[in-house]
Each structure stands twice: as structure tokens, then as C-alpha cells.
Amino acid sequence: MSSEQSSGPGPVGGDAVGLLGRSADLEFFAELRRRPANGGAGTAVLLEGPAGVGKTALLEAAADGARAAGFQVLRFAGVESEVTLAYSGLHQLLFGMRDGFDRLPPGQRAVLEGVLGSPVAQAPPERFAASVAVLEALRRTAEDGPVLVVIDDVQWLDRTSGDVLEFVARRLSGLPVDLLVAGRTGHAHALDRHGLLRRRVEPLERRSAAALLRAAHPGLAPHACERLLQEAAGNPLALLELPALLTREQFTGAAPLPLSLPVDDRLEALFAPRLRELPATTLELLLVAALEGTGGLRTIWAAYPGGMEEADAALPAAEEAGLVRVDARAGRLVFRHPLVRSAVVRTCRPGRRRAAHRALAEALERDPERRIGHLVAASLGPEEHLAADLEQAGHAALGRGSAALAVTALRRAAELSPEPAERSRRLAHAAYAAAQSGALDVTAILVDDGYWERASPQDTAHATLARVYALLETDGDATAAHRLLTGVIDKLLAAGTGGARTGGAEQEPSPAAVREVVGELQFLLTLVAFYAQRADLWPEVLERCQDAPDQVRLYCLAFDAPQERAPEVRQRIRRAFAALPPDAGPRPVTQLSMLSVYFDEASEYREHWMRAARRAREGGTFVQWSYGTILLGHEAFFAGRFTEAEALAREGLATAEELGHRLAGFRLASQLALVAAVRGDAETVGTLTRTILAWSEPRRLGLLQVSARQARALLALGQGDYETAYRDCALVSPPGTLPPLNPRAIWSVYDLVEASVYTGRTAEARAHVTMARSAGLGELSPRLALLTHAAAALAGPVETAEAGFRRALAVADVHAPFDRARVQLAFGRWLRAHGRDPEAAREHLTAALHTLEELGAAPWAAAAGTELAALTPPAEPGPLDTEGLLTPQELQIADLAATGLSNKEIGARLYISPRTVSTHLYNIFPKLGIRSRAALRDALGAQARAEYGGEYVEYVDRPVI
């Protein structure tokens, strides 16, 4: 049996996944199989590569392909424990061929029976005789069809068998016999001396490694996936094995990965033999370097007993063993493979590991975030000093957006706390960090009521924050969340202190600490009200937020009366962003960004959002990452990057489903519904919005209901179903109003006006325009200026409409192609309907059509095409005047379009852009007196009859010019 685990189909679920990134190798094997059929000679190939790289999987694929092609496959492997037994490898080969021994001459049959240890054999045969007999046996076997001999782990093949097979490999010429051998790089063996065709099996490139990791371990947290990709360095065995050794919390991202990843026996076996040969001092140095993680020489020297001098003396043995090298330029100690680090840690006793962690914690005094892991790993029992260090480091990590790391530090700090009150306080903070990380199951454990018997109001506040996040995300219960938050805010303010304790002595908390926790409670209270959008809850929120931090009061201002305060909110958002410190964590950035997107400041702060979302993702802070993903998705949607918006929503939704965050999942699903609505995908919109409404309506979560109705309205507008669109828009925002707690209604202003106008509700449309103007929505951004002017033109009197549309389209710096194309479509439609300036109508409709086709907004593109066709009256019946009718290029494009090719496909054939194709087609239609592609075939047939003197010639048979 082979001692090497492959990246084969077993744990992954299929050969296609198990052999990701190996297409070149598979094609190489296919070429080998074709040689015998083409009269080619036998070939001997040596696959070389490090342990675990997937050589065995490739051998299996080669064997399967050969069998399918009619080969006879003979397979065996070297065995390390049998490497000293003569003919042990050859025994495996011959045992599979023994039924054909009767074809051999008696003398050669006796030789092979001697190799097999037959009772009639007097002694093991001489090597030359065995070599000749094996070659003859293979020749006779090949008479029944080509043969493939597959040998795995050739480095463990006994020397005698290796010599025989080397003899055979030299004499395959003219035989339909291929020899495929796999061995580890750096291990000598007999076949290495022969000039075999060598093929190196490389580690997987990053994309294939990531695909294998996702397929083998679905649900792995993104930052854990990134770390494992680095550690495995393309080694399939490591990619398959390492995730299974993580705890559930590490796997899902609720806890950070350890500084050194765990390894099992099979991974350890890749490098352990070399480690066992090292001096103790060298192994100690490697242990410190492995636990340090980055290879920084200064930190390693500082933590190593004896310092730099003794480290320099211990290092050469590891370098000579090929385990590490020094990158002097970067000042780093580099392991040959990341798995060497894990093997080093595995081979050292726990006491030595803890001592090394303690030394590294001291060396990293000025790097509190990296210090956390070493403090945790070095701890054993209750110790207040260590608990306090961990608590401080945990809060620092949470402030920087590293929630998963903060959970680990604070939870361990609680475990190390000698005093029950200290344990309660630290668990409360750990629960809050766990909620931020997205680990709702961990949050539920930590907020168990039994922990809070001795908790102060301030401790209870942190536990409540955690409980509310969990309650909202899992159950969507805004009413219960509101009740919990108002109760704890009242209790904390009434107490006047938090009763914080340090080292067992009760102390008054600082006013700043009290304000901080109250501010977080107040922010979450406003957020709950925003999700619910219930007027009955809002007065209690305003009452409790009178003295809230500036950012919370900004939320109250924005939610209380968006109709009156939109410009003021926008200015305050700008000032708040300008006041953020350069090292601000993800939370304050995300909180401000949530407001900015609702007031159409999306593009201006995109870099802030991206940076915050990246930091939150890297730190395992799912709550902030999900908010950031939602915001980036909205920005991409408004900018017309629908594919990007969809990708962001799908990625976020997959993670939300894995972590059980239902509220975040439904918000992301509403983004998918918006993209589907633009594309006219009625089935997807219907499925998503029904699911969203079924969950949100019983819970009275107004935000989700608004999101679903906006998507349904957008779909209906594209389909021309203006009555349905009006009903949904009016539920989002009754005509003439922007409801409190619903700044998202700003997005639907133009939708409501358009639906109102096309259903004859002119008064409602004008009331909404008046509201938009009085609220100053057109001053918020170029996009809203465009839409506000267009809404006024659409709803206003005929005398001012044309000037209004031109004013809208003259707005500069509008980076919203979909919205602009909708306005161009509306203007072109208005011009045509009122018999005004057909050339201007054609210009605007053509521009709208080009943009909408490029964006994939199929319903609107179809509407633009219909309007364009309607600009040209139908041709009078009669003979078709073909003299100079179409230019050569127009005729070429018309011919291809008539066959059913798309604009993109026509452009690819003629080396022109799809936009150019579209322009030509809409010049061709009026020339031919038609309105659609469907009429092209008949029109071109008529043209052909005219050109060829009445004789009918199919247009598809005409030469392409």
C-alpha cells in the first residue's frame, strides 16, 4: 500500500474536484495512451514531487484512463517497512501476473515462481535471470493488449526489485508496455539512475487550491480559508487534512486560528524524520520560530534562550537539513514549507511549547494583538495578572475590528479570573465580541443567565448588546430587542455607575466608560427602530437619545424627518467622516457609511467602506463586514455594476447562511432581488420577495418589507405593469411624503412618479415632486438631481416637460448609467408621443438602448427598441426600391442578424463593437420598412428578388461582403 495520501476523490466527492489544476498532467497521460495505437514504443516516466502533492491521485487517474482505453494495468507500490526485503516489490507485480506464467518457457517460469517464494523453488533467483524473466512475462502479457505498469512510492522499493525494473525500463523499445513511476523528490532509488522521462508534479496553483479547499470543506470561514491556503502552499494533502483538525469555532470564524496549525500523524510524517535527527538546541530554535509565525529574526532572537549568539550556533543544522533558510535581505527565517512549522510544534512537548509562548509574549510587548495568542497559549490556571493583560489586548483587538481574536482573549481572560465578578464582566465583553464576530452559538452560551447573578449594570449592558444582536439576527424580534435595550439603558443611567471591579475590589467606572457603553446601547436602539420602522417605538428612542453621542444623534436626525433634514444630514455626514481618525476601526466607519448610502453619498466614501470591510473580514468581525458588503453592493448597483452587486450579495448571503444570520441574509437577498428586477428575471424576484415578506411581515420588520417592495416595483416598471408598480411604491412611500425611519424611500421617488403618471395619477405624481423639491433631494447628489428634474418633467405640464428633461440630462457627473438611460427612454418616449423632434427622440432612445443592452437591463432595452421602431411608420405595400438601399456593411450585419445572432456575436465576427451593430440595425429597419429583427428574413428576401430580376434567392445564400 502507498504511504502517501492523495488529493483523490474520496474526501472530496469526485475525480473532477480531486484533480483540480491537473489538466496538463492528464493530457500528458492521454498522449501516453495514444502511443501504442500509433505504433509508438513503450515509455518509462518518473513523476517526481514532494510528499502530499498528489502523485498518487495522478497515478490513479492514469490507471483509470488506461483501463478505459483498453490497457491492462499492473500496479504496486514500495513499502517502507519492506525496503530491506529482496524482491518484495517485484513480488507484488508478479502476483498479479501469475495466471499467465504458463505461457513462459519452463526455465523462466521457475525463476518467477522463485521470486514468489514457491515451495518448489530451491532459492531466490539470480538478479539477471529474474530481470530477463520479468521482461519476457511483460512481453507475453502485452500480446493481449497494451500494458501499463504503475509503481507508487518508488523510494521505498527494495534495491533488488529496483534493479530488475531498471533492466526492464531500458528495454521497452518496441513493446506496447509503459512504465509509470512516482517518487518523492530528494529520495534516491534504483530507477533514478535510468534516463526515465521525468515529469515534476508541482503544488497546486492558488485558484485550484482554493477550489479544492472549498469543495472539500464547505462552510470554512473566509479568513480561515486564506490562512490555510498560505499554510498548505498548494499541497493537496494539507488542504484536505488541515481544516478537519480545527475546532468548530475556528472553522466557522468565531475564533481565530492558532499561531501554529495542528497536524495529524500523516502530516507530521512528511517532515518528522528529519526533525528527529536535529540537536535539541536547533529544535528549540525552530520551535520559537514556528510559534512566532512571521519569521521575524529580531523577535526570534529576543525570545530564544541565549539570544542571537546561541541562535546563530543552533541554526546551521536546520539549514543543512533543508528545513529552513535565512532571507537576510528581509530579515526573516523562512521554513522550507509552512507544514514544517506545524510539524515542529507537534514534535515538542506541551511544557516546552508553553515556555516558548511565554518568551514570545514578552518579546511582543509592543504588539498587543500578536501577543494575545501567546498569552492564551502560555496560560494554565487562574491568574489575575495574565487575565488583565488578555482583557486589555482583547479590547484593543475589538477596536481594530479583530472580533474573533477579541473573543479568544476575553473568553480566556474570564477563565483565568480568580474572582467571580471579574469573570462575569469579562464574559460579558466576550459575549459582545462573539456577537460582532457572527458566532451566534458562542454568543448564546456566553449570555446564559447564570453568568450574571453578580453582574453590575455595566456588565449587564455588554451582555444585553450581545443578546440583542443575536436576537435580531436569528429571530428578527425587534419588539423584544427594543424592550431589552430600553430597560438596560434606564437601569444603567439610573444607577449612575457601572460598579466595575478590578482585582476583586469594587471601583467606580470612569464617566467615559459609562458613556461608551450607553452610546453603544443607544446606537443599537436606533438601529432596531430603523429595522422595525414603527412609529410607536420611535418616541421612546428619541427620549433616550437626547444626550447620546454625536453619531447616534445624527442617526436620530436622519431617521426622524428625512423629508425636512436630508441636506443637513448630508453635511453632517461629511463633517463626521472628516473627523474620523486615520486608524479608525470598522465600526465607526460602517455606522457613518450606512447613513451615507441612504442619502446617496455612496461613491464619495467608497474607499472608506472598502477599507473597513476588508479589515472587518480579516479580523472576523462579521457584523461590520456584512454591513460593509451591503453598502458596497448598493454602491455597485447605483453605479450600474450589476454583476459586481450580485457577486457581493451572493458572497455575503452564503456567509450569513453559514453563520445563521437570518436578518443579514434577507437584507442581502433583497439586493439580489433588485439586480434580478433590472434584468427582468420575474421568477427570481418573485421567489426572493415572497420569502422576504413571509419572514418580515409577522415580525413587523419594515425595512425588509420596503426592500422587497422596491424590487417588485422595479420589476413591474420594466414590464410596463405600472399599476402594480404604483401599489408597491405607495407602500414604500405614500405620494407626497417621505415617512420617518425610512430614508430608503428616497430611492423610490422617481419610481413612484413614473408609476403615477403612467396610471393617470397626475395629482399624486405632482405631490411627490413637490415633496422632493421641498426636501432638497436634488441637492444631495448628481444622481438625485437627474431623477428629481426628470420626475418634475414627467409629472409637469406639457409646456415645461421638454425643458425639464433637457435640464435633467444636462446634470454633470452622474455616474449612474441605468438611471440616466431610464430618463433618456422616458424623454424619447415623451417626444414621440407628443410628436416633437423625431431626430432628438431617436437620439435619446438609441443612447438608452445602447446603455440598457450593455447593462443587461432587458425589459428596458426592449421598451427602448419598441419606441425606436414606432418612430418609423410602416412601409406602404408595393415593390421594394432596392437601389442603394443598404450599404455593404449594413447588408452584412442584416444578413447575420437575420440568422438569429446577437449584437455581441455579430460584433465578434465583424470585429466591431456591439454598440456599432445596434446603431446600424436601427438605421437598417426604417430603410427596409420593418420594426423588428423578426421581419429581416422576409425583407432581405424581397430585396434579393428585386436585385436578381425577380428570381428568388435566399438571403442566407448571398455572399458576405
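Student: Where does Arg700 lie relative to α36 and α37?
Tutor: Bear in mind that this is a predicted model: local features need pLDDT of at least 70, side-chain atom pairs count only at pLDDT 80 or more, and totals for chains, interfaces and linings use all residues. Helices (H or I, at least four residues) and strands (E, at least two) are DSSP runs, numbered from the N terminus. Here α36 spans 682-699 and α37 spans 702-719. Arg700 lies in the loop between them, that is, between α36 and α37.

Student: What is phi of Arg700?
Tutor: Most residues other than glycine have a negative phi. Arg700 is a residue other than glycine, yet its phi is positive, near 55 degrees.

Student: And is Arg700 buried, partly exposed or exposed?
Tutor: Buried means under 20% relative accessible area, exposed means over 50%, and partly exposed is in between (1.4 Å probe, protein chains only). Arg700 has 45% relative accessibility, so it counts as partly exposed.

Student: What about Asp837: where does it lie, and what is its phi?
Tutor: Asp837 is in the loop between α43 (817-833) and α44 (838-855). With 37% relative accessibility, Asp837 is partly exposed. Its phi is again positive in a residue other than glycine, near 35 degrees.

Student: Back to α36. At what angle does it pack with helix α35?
Tutor: Axes are lines fitted to C-alpha atoms, for helices over the stretch in contact, and angles run from 0 to 180 degrees between N-to-C directions. For α35 (residues 662-679) and α36 the axes are 9 Å apart, and the angle is about 145 degrees.

Student: Which hand does the crossing of α35 and α36 have, and which residues make the contact?
Tutor: A crossing is left-handed if the near helix is turned anticlockwise from the far one by less than a right angle, and right-handed if clockwise. By that rule α35 and α36 cross left-handed. Contact means heavy atoms within 4.5 Å. The residues involved include Phe666, Ala669, Leu672 and Ala673 of α35, and Val685, Leu688, Ile692 and Trp695 of α36.

Student: How are α29 and α31 oriented to each other?
Tutor: Their axes (α29 is residues 550-560, α31 is residues 586-598) come within 11 Å and cross at roughly 15 degrees. The contact is made by Gln551, Leu554, Tyr555, Ala558 and Phe559 of α29 with Pro588, Gln591, Leu592, Met594 and Leu595 of α31. Angles under 35 degrees count as roughly parallel, over 145 as roughly antiparallel, 65 to 115 as roughly perpendicular and the rest as oblique. So α29 and α31 are roughly parallel.

Student: And how are α15 and α17 oriented?
Tutor: Helix α15 (residues 280-292) and helix α17 (residues 307-320) have axes 8 Å apart and an angle of about 95 degrees. On the α15 side, Thr281, Thr282, Leu285 and Leu286 make the contact; on the α17 side, Ala311, Ala314, Leu315, Ala317 and Ala318 do. At that angle, α15 and α17 are therefore roughly perpendicular.

Student: What does Asp459 touch beyond its sequence neighbours?
Tutor: Asp459 is in helix α25 (residues 457-475), and it counts as buried at 3% relative accessibility. Arg426, 33 residues apart from it in sequence, is 8.2 Å away, C-alpha to C-alpha. Leaving aside neighbours within four places in sequence, Asp459 is in contact with Ala421, Arg425 and Ala428.

Student: Which residues does Leu93 touch?
Tutor: Leu93 belongs to helix α5 (residues 88-95) and is buried at 2% relative accessibility. Not counting residues up to four places away in sequence, it touches Leu74, Phe76, Val134, Val149 and Leu165.

Student: How far apart are Tyr722 and Tyr758, C-alpha to C-alpha?
Tutor: Tyr722 lies in helix α38 (residues 722-732) and is buried, with a relative accessible area of 17%. Its contacts outside four places in sequence include Ala755, Tyr758 and Arg829. Tyr722 and Tyr758 are 36 residues apart in sequence, and their C-alpha atoms are separated by 6.4 Å.

Student: How many disulfides are there?
Tutor: Residues are numbered from 1 along each chain as its sequence is written, and side-chain values use heavy atoms, with hydrogens and water left out. Cys225 is buried at 13% relative accessible area, and Cys729 is buried at 2%. A disulfide is a pair of cysteine sulfur atoms within 2.5 Å. By this rule, the count of disulfides is 0.

Student: To finish, what share of the protein is buried?
Tutor: The protein has 49 helices and 9 strands. Of its 961 residues, the share that counts as buried is 56%.
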